[in-house]
Amino acid sequence: MIALLLALLLALPWVLPPFYQTLFVFYAIAALVVLGLHLLTGLAGLTSFGQAAFMGVAGYTSALLALRAGASPWVGLLAGLAATFLFALVLGLLTVRLKGHYLPLATIAWQVALYIVMGSWVALTGGRTGLSDLPAVAVFGLELRDPRLYHYLAWGLLVLYALVLYRLVHSRHGRMIRALRGDAVAAASFGARPPELKLWTFVIAALGAGIAGWLYVHFVRFVNPSPFSLEASIFYLIMAVVGGVGALPGAFLGAGLLTGLEQWLKDLVPLVLGKSGNYEIIAYGLILVGILHLAPRGLWPWIEARLPRRTPPLPEGEGLPPRAEPLPEGPLLVVEGLTKSFGGLLAVNGLSFEVHRGEILGLIGPNGAGKSTTFNLLAGVLRPDAGRVVFRGREITGRYPFETVRLGLVRTFQHPHLFPEMTVLENAMLGTYPRTRAPMLSSMLGLDRVEERRAAAEAYRALVRVGLAEKAFLKAGALSLGEQRKLEVARALAADPVLLLLDEPAAGLRAGEKRALAGLIRRLREEGITVLLVDHDMELVMHLVDRLVVMHYGEKIAEGPPEAVQRDPVVLEAYLGGAA
Amino acid sequence: MDPLIFGFLLSDGLISGALYALVALALVLVFAVTRVILIPMGEWVVFAPLTQAVLLEGRLPATVWLSALLLLVWAALDLRRGRTPLLLALAAALVVAAGYLGLAVPALAPLVAILVVLPLGPATFRLFFEPLPGATVLVYLILAVGLHFVYKGLGLAFFGPEQFGLPALLAGEVAVLGLPVPWQGIMLVLAAGLLMASLYLFFTRSLFGKALRAAAVNRIGARLSGISVREAGRVAFLLATGIGALAGVLVAPLSNASYEMGFLLGLKGFVAAIVAGLSSYPLAVAGGVLVGLLESFSSFFASAYKEAIVFALLLPVLAWRSVSSLELEEEE
């Protein structure tokens, strides 16, 4: 199938009429920008109205170097990409931390600002009239002036960029980028550094636009600001959404369809209506609205749902190497004088306890006792006002979850924080992120395959352990609540936990599912994993745990084996009300 | 800078600020209730004065037919909903009648223009946004861009590319602290203030206004307490169109009107709305005034870079708003 498409791509310029040869070059240029948006908007969830500005940065850099310094366009490409990189890095640092709607507006802001600079700094850029007579790109002395030759350059670069992006999206980084968008807390709990990942996503998308800008100016061999305007950026966003911004083929579909549509309408509408000028844009708008009504998630998901599904082979081979360093003597986790208040409310007050190696410790208490706050303090989601947390002999007080997960402190979520659009296996593979090393660049170049295979095998093994193996290739959104809890545990197991923090794992489960869960937790202890469990469910807790810590109003009121705690008058009073 | 120029720039900035504030208010209203970023808003703002101008030239503007047509399509879609289609058909007839009335009595032209533009908003919501409940903000945005293209194209087809000058509703100037300010500008600022005050009362005192706010804060909760989110959306669009059309009619005598002004106008209103986090009405007004003042003063110092400065200066504002806002990450 792919070979067929490639052959078609190679033959196309020689069978198409000249008009379409040019159109196909513009198609490739648009697709480069839209692919970047697929990563940035579709996967990372950062909507950008500024991609055309990056095209302009690279395009103008190359044009100016060629005209003022006589540099070859190839030097221009490198310099243009370097300039795009710097711009994207600086603007990204300013923008990616912005929340919610501020980010898209910030992209509009610098898009408009850069566009006006391109049009108004006449001494440098030639203003709106632009700069003409740019050199053609030459390969081994052959000047690519003919669109049929330029076709190979444009499509070659596009295919390369698409491959790099595909590798990235299907790597540990790609999974994290997708996770980040749905749930930054969950992503950080498995080792991602959200701002850093967002910044690189931003830069990679900008570089795609940079290549497109360079291709554009050396194809038309003229540069002025108009192809780099806000309107152009919006057009690229439209292409992305129409094609289906969440999938790579969507970028090709959207870019091709709308590049063609614009041209066809310019030819067709005057033929039909006998007038020109006013009506194309109306037809364009109506077709756009029509497509979105037909396929609100874009054309590719609409088509994909009608294609036969292929089940990938089961992951096999050996998993990732287990944790090497031995655990130090003494208690695994020491909590000392932990205190946290919210405004005037003292949620946790001077709490101290220890978790010993190989035990299952239950943390219980009536509603409002401060269990969840304690859990979040240990998991690094909240920072304590006072007190210390020592894990494996190292102080981790107030450390971020992406740091502590590497030490083997792994959590699950009470309300499953899974990613419904990803498969069960991919969700479990998120757990392997802190155990894998491949840097982003080697993922993009496909140098991470061995590690990826082992990560998949490791994640699959975790699914087998919790009994979800046969659902590995389903979307996580299709799981029942009980299965989602299992997947939460599987993801945590894939991170090779030393201490597993389980946040109300039994909430909302049926009796049978609870028994299965209890069996699973016991098995994990036998495999050497220590478990700290927060739950309401007395029956589960009493039969499962080795020791209990009971909290009430933010303080520890009892500690010991379940039988002793059950008879403790203080505990009984806290739970049943102290009428006596 | 001498005080006269300063005063002039100040009054100029405040007048355009009032316009942007109104547009921002409408955008915030629509977004809060429906999660639609209403890009075609700018077109509707200019449609009103353009309709008025064509009426004054003694022709029946095509917007009359557009409004009536959209209302009739709406009636056809809701054919099985009791009296609704009848009322909608009646409204369509009213719009056409108002158009002819505007031709006969030129003094009524501004009012007729607002009335003619008014159905465009709710009808657009019913026809294009209601069939896609629960789409993402991004899909709604692209939908809105598509509709912006349609309305912009229609604007060119209806009114042509030329600029229309419109007579002031209140002619003449008045000296404020020794500075000549057109009455029309003062009227715009006053109308903006009045509109904001009445919107404030509407949202805090009337049951319907409260229901609208409830629908904005929590859609499911609002539905559970018997508030129709669809109806809330239509009302939000109606109010937005009304605010926009009124603003357009008031500002046009100061600056002329042409079909292509809408987009930039909408964009600046959007900028102001974003400063407000697309959620706070008082901040939307402040944002509008801020954008107006920035634009006015930067046009004096570096007119070629006027818009660039407005947008570039926004970055720190955005960073500050983003840091100080407590809202959670968007789940889109």
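The model is a predicted one, in which local features need pLDDT of at least 70 and side-chain atom pairs count only at pLDDT 80 or more, while totals for chains, interfaces and linings use all residues. Residues are numbered from 1 along each chain as its sequence is written, and chains are lettered from A and ligands numbered from 1 in the order in which they are written.

The contact between the chains takes 35 residues from chain A and 39 residues from chain B, two residues being in contact if their C-beta atoms, placed from the backbone, lie within 7 Å. On the side of chain A that touches chain B, the helices α5 (102–120), α11 (230–243) and α13 (279–294) each supply at least two residues; helices (H or I, at least four residues) and strands (E, at least two) are DSSP runs, numbered from the N terminus. By class, this side of chain A has 25 nonpolar, 9 polar and 1 charged residues, where Ala, Val, Leu, Ile, Met, Phe, Trp, Tyr, Cys and Pro count as nonpolar, Asp, Glu, Lys and Arg as charged, and the others, Gly among them, as polar.

In chain B, helix α8 (residues 183–205) has 23 residues, which at 1.5 Å a residue should span 33 Å, and this agrees with the 32 Å between its end C-alpha atoms; the expected span is 1.5 Å times one less than the number of residues. The buried residues of α8(B) are Gln184(B), Gly185(B), Leu188(B), Ala192(B) and Leu195(B), a residue being buried if 20 or more other C-beta atoms lie within 10 Å of its own, exposed if 12 or fewer, and partly exposed in between. What covers these buried residues includes α1 (3–34), β2 (179–182) and α11 (229–255) of chain B.

Most residues other than glycine have a negative phi. Arg221(A), in the loop between α10 (194–220) and β4 (222–223) of chain A, has a positive phi near 55°, and counts as partly exposed because it has 17 C-beta neighbours inside 10 Å. Glu504(A), in the loop between β11 (499–503) and α21 (511–526) of chain A, has a positive phi near 40°, and is buried because 20 other C-beta atoms lie within 10 Å.

Pro328(A) lies in the loop between α14 (299–304) and β5 (333–342) of chain A, and counts as exposed because it has 11 C-beta neighbours inside 10 Å. Not counting residues up to four places away in sequence, Pro328(A) touches Arg392(A) and Gly393(A).
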